[in-house]
Structure formats: structure tokens, C-alpha cells
Amino acid sequence: MPRLLGVDIPNDKQIQYSLTYLYGVGLHTAREACEKLGVDPTRAASELGEDELGQIAALLEREYTVEGPLRRQTTQNISRLREIKSYRGMRHRMGLPVRGQRTKTNSRTRKGPKKTVAGKKGVKDLR
């Protein structure tokens, strides 16, 4: 299994799809990188030599923000929003959707499983 920037990429897939296993590299960026280096994007990742892997790694590090630096940058951006107590920062802190989605229904991914409010039924029975 070839290793690029500390990530194992799949052997059996085409190089254009294998590169998308790197954080911050999508299909467009992968194809662009292959085009810049003159590597056939439809070749299997296992067919690449060590020199070609080195060239791809060097290009990605030089021209794109990927893997560790990108994760660090994203984390710093979110922590900055939290520190200045912006609306988005508060939403991050509370674990709620940040980009304006509704929360009355849906948003279960961010909010977690339903929390039943106890005693609602009992209030009706007292009347």
C-alpha cells in the first residue's frame, strides 16, 4: 500500500480516486495534480514508482494545504470563533448546526438522540 503524507492510499484503485483519501484532496484536486505532473490518472496506485509518489507528495505539500496543516487551520478557525463569542462560535460550542439549518425538527446528527421530557403526560392528567 503506497503511503503519501502519512496516509495509506488504496492499491487497487485508480490514482485519481486513491488521492482523495488524503484530507483536503478532492477529485478535482487529485486530477489537477496528476495533470501537472503528467501522470495518467487512470493508472492503479500500485503501478506508481517511488519517484512518482515522491513527486506527488511534494506537489501536494507545496501547492495545496492538506492533511495536518489543514486540520490545524480548521481547528484554529473554530477556536477563534469560540473565543470572540460570535454566533457561529456559540453554535460550535453548544454542538448545534452552525450554518442556519432548522433545529425544531431534524439536526439529530448534531444534537444526538432524542431526549424525552419527563412529566409532560402527568401535567395533562392533573387537569
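This is a predicted model: local features need pLDDT of at least 70, side-chain atom pairs count only at pLDDT 80 or more; totals for chains, interfaces and linings use all residues.

User: Why is Glu67 called buried?

Analyst: The relative accessible area of Glu67 is 12%, and the word buried is used for values under 20%, so Glu67 is buried.

User: What makes the phi of Glu67 worth a remark?

Analyst: Most residues other than glycine have a negative phi. Glu67 is a residue other than glycine, and yet its phi is positive, near 50°. A positive phi is also found just after H4, where Lys85 takes a value of about 55°.

User: How do you know that the length of H4 agrees with what its 17 residues should span?

Analyst: At 1.5 Å a residue, the 17 residues of H4 should span 24 Å, and because the C-alpha atoms at its ends are 24 Å apart, the two values agree.

User: Which residues have the most contacts inside the largest nonpolar core?

Analyst: The largest nonpolar core has 20 residues, and those with the most contacts inside it are Leu4, Ile15, Leu19, Leu22, Val25, Ile56 and Leu60. Helix H2, covering 27-37, and helix H3, covering 50-63, each supply at least two residues of this core, and its largest share, five residues, comes from H3. As a general background, nonpolar side chains in soluble globular proteins tend to be buried together.

User: What does Leu19 touch, once residues up to four places away in sequence are not counted?

Analyst: With those residues not counted, Leu19 touches Leu4, Val25, Ala30, Cys34, Ile56 and Leu60, where touching requires heavy atoms within 4.5 Å.

User: How do you know whether Val25 is buried or exposed?

Analyst: Val25 has a relative accessibility of 5%, and since the limit for buried is under 20%, Val25 counts as buried. The place of Val25 is in the loop between helix H1, which covers 15-18, and H2. Leaving aside neighbours within four places in sequence, Val25 is in contact with Leu19, Thr20, Ala30, Leu60 and Val66. The C-alpha atoms of Val25 and Glu67 are separated by 8.6 Å, although these residues are 42 residues apart along the chain.

User: Why is Ala44 called buried, and where is its place?

Analyst: Ala44 is at 17% relative accessibility, and because buried means under 20%, Ala44 counts as buried. Its place is in the loop between H2 and H3, and, not counting residues up to four places away in sequence, Ala44 touches Asn11, Lys13 and Gln14. The C-alpha atoms of Ala44 and Gln101, which are 57 residues apart along the chain, are separated by 40 Å.

User: Which residues line the largest pocket?

Analyst: The lining of the largest pocket is made up of Thr74, Asn77, Ile78, Arg80, Leu81, Arg88, His92, Val98 and Arg99, and about 160 Å³ of space lies in this pocket. H4 and helix H5, covering 87-94, each supply at least two residues of the lining, and the largest share, five residues, comes from H4. By kind, the lining divides into three nonpolar, three polar and three charged residues.

User: What makes His92 and Val98 count as buried?

Analyst: His92 has a relative accessible area of 17%, and Val98 likewise has 17%; buried means under 20%, so His92 is buried and Val98 is buried. His92 is found in helix H5, whereas the place of Val98 is in the loop between H5 and H6. Leaving aside neighbours within four places in sequence, His92 is in contact with Ile78, Arg82, Val98 and Arg110, while Val98 is in contact with Arg88, Arg91, His92 and Arg110.

User: Why is Asn106 called exposed?

Analyst: The relative accessible area of Asn106 is 56%, and exposed means over 50%, so Asn106 is exposed. Its place is in the loop between H5 and helix H6, which covers 108-111, and Asn106 has a positive phi of about 65° although it is not a glycine.

Technical notes:
Residues are numbered from 1 along each chain as its sequence is written. Side-chain values use heavy atoms; hydrogens and water are left out. A nonpolar core is a set of buried Ala, Val, Leu, Ile, Met, Phe, Trp, Tyr and Cys residues joined through side-chain atoms within 4.5 Å. Buried means under 20% relative accessible area, exposed over 50%, partly exposed in between (1.4 Å probe, protein chains only). Helices (H or I, at least four residues) and strands (E, at least two) are DSSP runs, numbered from the N terminus. On a 1 Å grid over the protein atoms alone, a cavity is a set of points where a 1.4 Å probe fits but cannot get out, and a pocket is an open set with protein on both sides within 12 Å along at least five of seven lines; lining residues have an atom within 4 Å of a point. Grid points are joined across faces, edges and corners, and a volume is the space filled by probe spheres set on the points. Ala, Val, Leu, Ile, Met, Phe, Trp, Tyr, Cys and Pro count as nonpolar, Asp, Glu, Lys and Arg as charged, and the others, Gly among them, as polar. The expected span of a helix is 1.5 Å times one less than its number of residues.
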